[in-house]
Amino acid sequence: MEKKTLSGMTLAELENVAYELGMPKYASKQIATWLYTKQIFSISEMSNISKAFREKLEEHYVLGRKQPIKKVKSKDGTVKYLFPTQSGHFVETVYIPTAERATLCVSSQVGCKMGCSFCMTGRQGFQAQLTPADILNQIYSLPEFATLTNIVFMGQGEPLDNIDNVLRTCEIMTAPYGLAWSPKRITVSTVGDLKNLRKFLNESQCNIAISLHFPTSALRAEYMPAEKAWPINKVVEVLKDYDFCNAELQWHEGAKQRRLSFEYIVFAGLNDSHRHRDQLVELLKGLDCRVNLIPFHTIPDSPFTAAPEKRMKEIRDYLTYKGVFSTLRASRGEDIMAACGLLSTKERNKKKLNNYGRKENTRRHYSW
Ligand code: SF4
């Protein structure tokens, strides 16, 4: 019988584990503390659980912790890690330190089904869903874990296409029995998966970022196939219906509003004109949100080019003048293929790896 994985289980699930193995109910809290507060690497380390029960646990369960098998550091300090998953795949995770914060960009799937034409992960196609154990492992098996201030679900994959596992991860990240983070430190990004957007808004308190990139449905549909299934105007309608401020206050008394942001990669000549910025203002009218302008990072064999920084600043200033608060996102980790839109593990999955992941990829557009 295949062993189940303890890491990634909620407290309710750990209570079931304790019940099934004949352990006292309080053992579930002890296991949660070992998993999420002490972040141990083996069941044998659970020293306040009797040897007999530890052996029973080991008979049926594995812990689920896996160290990264490769690390590459950018000249700007960004670090990209390659983590193995429970199912034998690999995913990339990017650590981005700045003077004020340390952000971790985690993956939610191996590859992605969404097929955005400007994204390396989109080209990779979809290989597998990540489990809560896989997602959490990217966080607490990170060597810099203790320095982290923010988590963004902006790595490989569409998080809302793996909604149950992402919600469960968010629960464990924020619950007192788990990592006890404030939900305001966690942002989940989506192309606007309408199947699951309301569920996410209702069942989580984490921030949400919409990968917008184009200001009209017609233009968006040309480069983002998801637009056909989930039109951006409908996504915006759902967001306008949702009361971000009150929903937040219900969960966290006195806390600031849950943040809604839109990500907008600025391409030269494609979405950076005066007309486009007016369409953007029109689309977002009435929403309390911010727009993050992101430089495009060139991918091989693609027709896209990045808009000049001067143009991006003009758009930022115009949007802010029009009442849509806007920021310019700095480019990080481009030299190690860790920047926005550059993550891909397709070739890696095909290779047989040694323990240190030293087999180099020979195709020029993959960095591993
Ligand atoms: S941009 Fe995001 S949603 Fe689109 S293909 Fe890439 S990972 Fe998937």
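# A walk through a predicted chain

Residues 24 or more positions apart account for 66% of the contacts in the chain with a separation of 6 or more. Two residues are in contact if their C-beta atoms, placed from the backbone, lie within 7 Å. This is a predicted model, in which local features need pLDDT of at least 70 and side-chain atom pairs count only at pLDDT 80 or more, while totals for chains, interfaces and linings use all residues. Residues are numbered from 1 along each chain as its sequence is written.

The chain holds 14 helices and 14 strands. Both are DSSP runs, numbered from the N terminus: helices are H or I with at least four residues, strands are E with at least two. The chain has 368 residues, and 43% of them count as buried. Buried means that 20 or more other C-beta atoms lie within 10 Å of the residue's own; exposed means 12 or fewer, and partly exposed lies in between, with C-beta atoms placed from the backbone.

Start with the strands. Strand β5 (residues 90-97) and strand β6 (residues 102-105) pair in the antiparallel sense, over four bridges. Two strands pair if DSSP finds at least two bridges between them. β5 and β6 form a hairpin, with four residues between them. P97 has A102 in β6 as its bridge partner. β6 also has a parallel neighbour: three bridges join β6 to strand β9 (residues 150-153). Here T103 stands opposite N150 in β9.

Now move on to β11 (residues 207-211). Five of the five residues in this strand are buried. N207, A209 and S211 point one way from β11, while I208 and I210 point the other way. β11 runs parallel to β10, and four bridges join the two. In this pairing, S189 stands opposite A209 in β11.

M224 sits in the loop between α8 (217-223) and α9 (226-229). Why does M224 count as buried? It has 24 other C-beta atoms within 10 Å. Leaving aside neighbours within four places in sequence, M224 is in contact with C116, V191 and H213. M224 and S117 are 107 residues apart in sequence, yet 6.6 Å apart in space, C-alpha to C-alpha.

A226 belongs to helix α9. A226 is buried, with 24 other C-beta atoms within 10 Å. Not counting residues up to four places away in sequence, A226 touches M114, V191 and G192. A226 and C116 are 110 residues apart along the chain, and their C-alpha atoms are separated by 8.0 Å.

Turn next to helix α7 (residues 194-203). Its buried residues are N196, L197 and L201. Seen down the axis of α7, they fall within an arc of 140 degrees, so they line one face of the helix. The arc is that of the directions from the helix axis to the C-beta atoms. K195, R198 and N202, on the other side of α7, are exposed. The cover over the buried residues of α7 includes α6 (163-174), β10 (186-190) and α10 (232-241).

Finish with helix α13 (residues 309-321). Its 13 residues reach 18 Å from first C-alpha to last, close to the 18 Å expected at 1.5 Å a residue. The expected span is 1.5 Å times one less than the number of residues. Which residues of α13 are buried? They are M312, I315, R316 and L319. Seen down the axis of α13, these buried residues fall within an arc of 100 degrees, so they line one face of the helix. The face turned away from this buried side carries the exposed residues K310, D317 and Y321. The buried residues of α13 pack against β12 (260-266), α12 (274-284), β13 (290-295) and β14 (325-328). Just after α13, G323 takes a positive phi of about 95 degrees.
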